[in-house]
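Thanks for coming, everyone. I would like to take you through a few places in one model, so please have the sequence and the structure open as we go.

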Amino acid sequence: MQLPWPADKPFRILSIDGGGIRGILPAALLAEFENRHLGGRSAGDYFDMIAGTSTGGIIALGLSIGMHASDILKLYIEHGEAIFPPIQPPFRKLKSGFRFLHSLSRYQYERAPLERELRRLFGDRLIGEARCRLCIPAFDGFTEVHIFKTPHHPDFKLDWREEMVTAALATSAAPTFFSVYRNGDRRFADGGVWANNPVMVGLVDALSCYALDRRQIQVLSLGCGESDMFITERQVRLGGLWHWKEIISSAMRLAGQNALGQAGLLVGRDHLVRIDAPLMPNDPIELDDYRRAKEVLPPLARALADEFAAIVGKRFFTMPAESFQAYHGPRASA
């Protein structure tokens with residue numbers, strides 16, 4: 001059942017990609033927009049829905065409770081080194097080789113530092129306490145794809161009971177980096193395995209839940225920086241697991257490109273603003289490269305904020321969004 005939506009009212013969606021420690025980029029971008037346009041308010045107050053995957057899901061959850069992007073950015077800048085410990089000298093190359101061999105049969109990082117910081121960030125807040133509609137993709141090992149949703153429709157009866165920390169750990173349980181996240185008898189892996197760019201997740205939910213004309217929708221889609229994907233000569237001649245070892249990340253990038261293409265066709269490319277780092281084909285920042293991400297991405301965010309300031313300010317930051325009606329949970333009677 002579609003809920004009513006005023007015909008003259010736009011529906012603004014913020015979509016944030018997954019990308020590990022490269023979440024510094026969208027967090028820094030939003031912090032720049034807050035400083036330039038919002039006079040101290042949180043960027044999350046200006047969107048009717050936020051869709052976020054993995055690191056983007058963590059940012060989305062924070063924005064949904066009124067946190068400033070600058071405070072979320074501190075999680076990455078101040079604690080990213082504990083979450084993704086860099087390889088220290090001496091013998092850095094040797095240690096790097098050992099870490100690679102170790103990763104062939106076991107996850108690379110312990111989840112405890114991330115869980116500790118997420119618990120500090122969200123406490124014991126429930127998804128049902130969010131002030132903005134949320135769609136947070138994850139992969140449920142028993143029921144396949146899963147989207148944690150706020151109770152913004154009468155049919156969404158279950159997820160509001162989950163802690164925000166649970167959703168954050170589930171959506172960010174990146175294969176090879178962290179172990180599968182266990183929550184009771186459920187097992188979750190990173191939402192990026194099927195929706196690293198969650199723009200279509202948010203769009204489909206909005207159009208399913210509300211009586212919207214698709215041209216009422218305005219989308220701000222934020223990336224975390226990508227490297228180019230091409231088929232190498234060795235892949236052509238030899239094939240094999242070794243030469244195609246990066247196929248998972250490549251498939252995630254291509255799926256993200258497909259989602260953007262579908263979204264642009266659905267609402268019109270002029271209703272979709274995509275902001276991402278320029279391609280880095282020769283020296284991309286890895287998902288766990290804390291030092292380079294901290295050094296390169298904040299100044300890049302400032303440059304991108306300069307480039308997109310006018311269009312973003314006009315389309316998304318002129319008037320705060322109304323808090324949604326919750327049909328279940330602690331906000332249902334508010």
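Predicted model: local features only at pLDDT ≥ 70, side-chain atom pairs only at ≥ 80, totals over all residues.

How many cavities of 30 Å³ or more are there? The count comes to one, where a cavity is a set of points, on a 1 Å grid over the protein atoms alone, at which a 1.4 Å probe fits but cannot get out. The largest cavity holds about 50 Å³ of space, a volume being the space filled by probe spheres set on the points, which are joined across faces, edges and corners. Ten residues line the largest cavity, and the closest to its centre are Arg22, Gly225, Glu226, Met280 and Ile285; lining residues have an atom within 4 Å of a point.

Residues are numbered from 1 along each chain as its sequence is written, and side-chain values use heavy atoms, with hydrogens and water left out.

Turning to strand β7, residues 217-222, we find Ser221 there (strands are DSSP runs of E, at least two residues, numbered from the N terminus). Ser221 is buried, with a relative accessible area of 0%, buried meaning under 20% with a 1.4 Å probe and protein chains only. The side chains of Ser221 and Arg274 are joined by a polar contact of 2.8 Å, that is, a pair of N or O atoms within 3.5 Å, one able to donate a hydrogen and the other to accept it, with residues adjacent in sequence counting only if both atoms are side-chain atoms.

How values were computed
Helix = DSSP H or I, 4+ residues; strand = E, 2+ residues; numbered from the N terminus. Buried < 20%, exposed > 50% of the residue type's maximum accessible area, 1.4 Å probe, protein only. 1 Å grid on protein atoms, 1.4 Å probe; cavity = no way out; pocket = protein on both sides within 12 Å on 5 of 7 lines; lining within 4 Å.
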